[in-house]
Amino acid sequence: MRVHVADHPLITHKLSVLRDVRTPSPVFRQLTEELVTLLAYEATRSVKVSPIEITTPVTTTMGVKISEPRPIVVPILRAGLGMLEGLVKLLPTAEVGFLGMVRDEETFEPTTYAERLPDDLSDRQCFAIDPMLATGGSLAAAIQFLFDRGAKDVTAICLLGTPEGVAAIEAMAGDRDVTLVLGALDERLNEKGYIVPGLGDAGDRLYGTA
Ligand SMILES: O=P(O)(O)OC[C@H]1O[C@H](OP(=O)(O)OP(=O)(O)O)[C@H](O)[C@@H]1O
Ligand SMILES: O=c1cc[nH]c(=O)[nH]1
Ligand SMILES: [Mg+2]
């Protein structure tokens with residue numbers, strides 16, 4: 001598995017505002033969208049492209065276009081929805097599939113409550129998005145779901161992760177093709193399964209339900 005932890009002052013700056021308990025939902029949503037755009041630069045580094053001939057006002061030359069079949073972006077509901085707009089702005093031809101997951105607050109076990117994805121994901125580059133990688137249970141289950149549908153190549157983008165979460169994804173990935181792009185690698189999980197220092201419950205902060 002490849003792991004990339006962002007190291008850019010703009011990303012750290014935006015994450016600092018996001019972490020701040022006083023940041024209200026509208027600003028939180030805006031920053032989440034901006035952050036995914038910055039992280040997408042690294043996450044889409046291996047997006048498949050095909051050569052095309054183009055005509056400029058001056059001459060003809062070769063360019064590239066995103067290859068068919070189109071990549072698929074999979075937000076993990078709810079909180080992953082906050083990252084969707086930012087990513088599809090950069091990959092406007094991508095298809096969007098949905099996975100609804102919620103983690104049990106006591107056991108931290110994830111349950112899948114909704115799924116809208118193509119039956120066959122072989123040949124599709126998959127981008128799973130979820131702001132939080134805490135125990136790793138939700139993202140591991142989501143990536144496994146994509147592999148079970150035939151995916152061979154999954155890139156996950158998370159704003160914050162923990163060493164425990166990265167280890168869980170590494171263990172599930174084995175020698176399969178998984179790339180993990182993180183905005184920051186935080187210190188640890190607390191006894192309630194929250195990321196420390198973290199930003200609290202991303203879904204609640206995005207959608208004002210705290
Ligand atoms: O790594 P884990 O320990 O599995 O925790 C991370 C998960 O928890 C959050 O979702 P949550 O279950 O709160 O659902 P929500 O997005 O509807 O708020 C988050 O968005 C991840 O999906
Ligand atoms: O810190 C955490 C852990 C899981 N889910 C969240 O939204 N935040
Ligand atoms: Mg939540």
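How far apart do the end C-alpha atoms of residues 5-209 lie, and how much of the span is helix and strand? They lie 29 Å apart, and the span is 32% helix and 31% strand. Helices here are DSSP runs of H or I with at least four residues, strands are runs of E with at least two, and both are numbered from the N terminus.

Some conventions first. This is a predicted model, in which local features need pLDDT of at least 70 and side-chain atom pairs count only at pLDDT 80 or more, whereas totals for chains, interfaces and linings use all residues. Residues are numbered from 1 along each chain as its sequence is written, chains are lettered from A and ligands numbered from 1 in the order in which they are written, and side-chain values use heavy atoms, with hydrogens and water left out.

The record supplies a name for the span: an unreviewed UniProt entry lists residues 5-209 as "domain: Phosphoribosyltransferase". UniProt positions are given in the numbering used here, feature names are shortened, and annotations may be inferred rather than shown by experiment.

I turn to ligand 1. It is surrounded by 16 residues, and the closest are R103, D130, T135, G136 and S138. A residue counts as near a molecule or strand if one of its heavy atoms lies within 4 Å of it. By class, this shell holds seven nonpolar, five polar and four charged residues. In that scheme Ala, Val, Leu, Ile, Met, Phe, Trp, Tyr, Cys and Pro are nonpolar, Asp, Glu, Lys and Arg are charged, and the others, Gly among them, are polar. Three elements, β6 (98-103), β9 (132-133) and α4 (137-148), each supply at least two residues of the shell around ligand 1. Of the elements, β6 gives the most, with three residues.

For S138, a side-chain N or O atom is 2.6 Å from an oxygen atom of the ligand. For R103 the corresponding distance is 2.7 Å, and a polar side-chain atom of R78 lies 2.9 Å from an oxygen atom of ligand 1. Taken alone, ligand 1 exposes 500 Å², of which the protein buries 92%. Accessible areas come from the Shrake-Rupley method with a 1.4 Å probe; for residues, only the protein chains shown count as cover.

Which residues surround ligand 2? They are R103, M132, A134, G193, Y194, I195, G200, D201 and A202. This shell divides into five nonpolar, two polar and two charged residues. Here the contacts listed involve the backbone. A polar backbone atom of I195 is 2.8 Å from an oxygen atom of ligand 2, a polar backbone atom of A202 is 2.8 Å from an oxygen atom of the ligand, and a polar backbone atom of G200 is 2.8 Å from a nitrogen atom of the ligand. Taken alone, ligand 2 exposes 240 Å², and the protein buries 89% of that.

Next, the pocket. The space taken by ligand 1 is the largest pocket, and the space taken by ligand 2 is the largest pocket. On a 1 Å grid over the protein atoms alone, a pocket is an open set of points with protein on both sides within 12 Å along at least five of seven lines, and lining residues have an atom within 4 Å of a point. A molecule sits in a pocket if more than half of its atoms lie within 2 Å of its grid points.

The unreviewed UniProt entry places the feature "binding site" at I195, G200, D201 and A202. The lining of the largest pocket includes I195, G200, D201 and A202. G200 itself lies in the loop between β13 (195-196) and α6 (202-207).

Finally, backbone geometry. Most residues other than glycine have a negative phi, and most peptide bonds are trans. A cis peptide bond joins L77 and R78, with omega about -5°, and R78 lies in the loop between β4 (72-77) and α3 (84-90). Another cis bond joins E68 and P69, with omega about -10°. F108, not a glycine, has a positive phi of about 65°.

Conventions:
A polar contact is a pair of N or O atoms within 3.5 Å; within protein, one must be able to donate a hydrogen and the other to accept it, and residues adjacent in sequence count only if both atoms are side-chain atoms. On a 1 Å grid over the protein atoms alone, a cavity is a set of points where a 1.4 Å probe fits but cannot get out, and a pocket is an open set with protein on both sides within 12 Å along at least five of seven lines; lining residues have an atom within 4 Å of a point.
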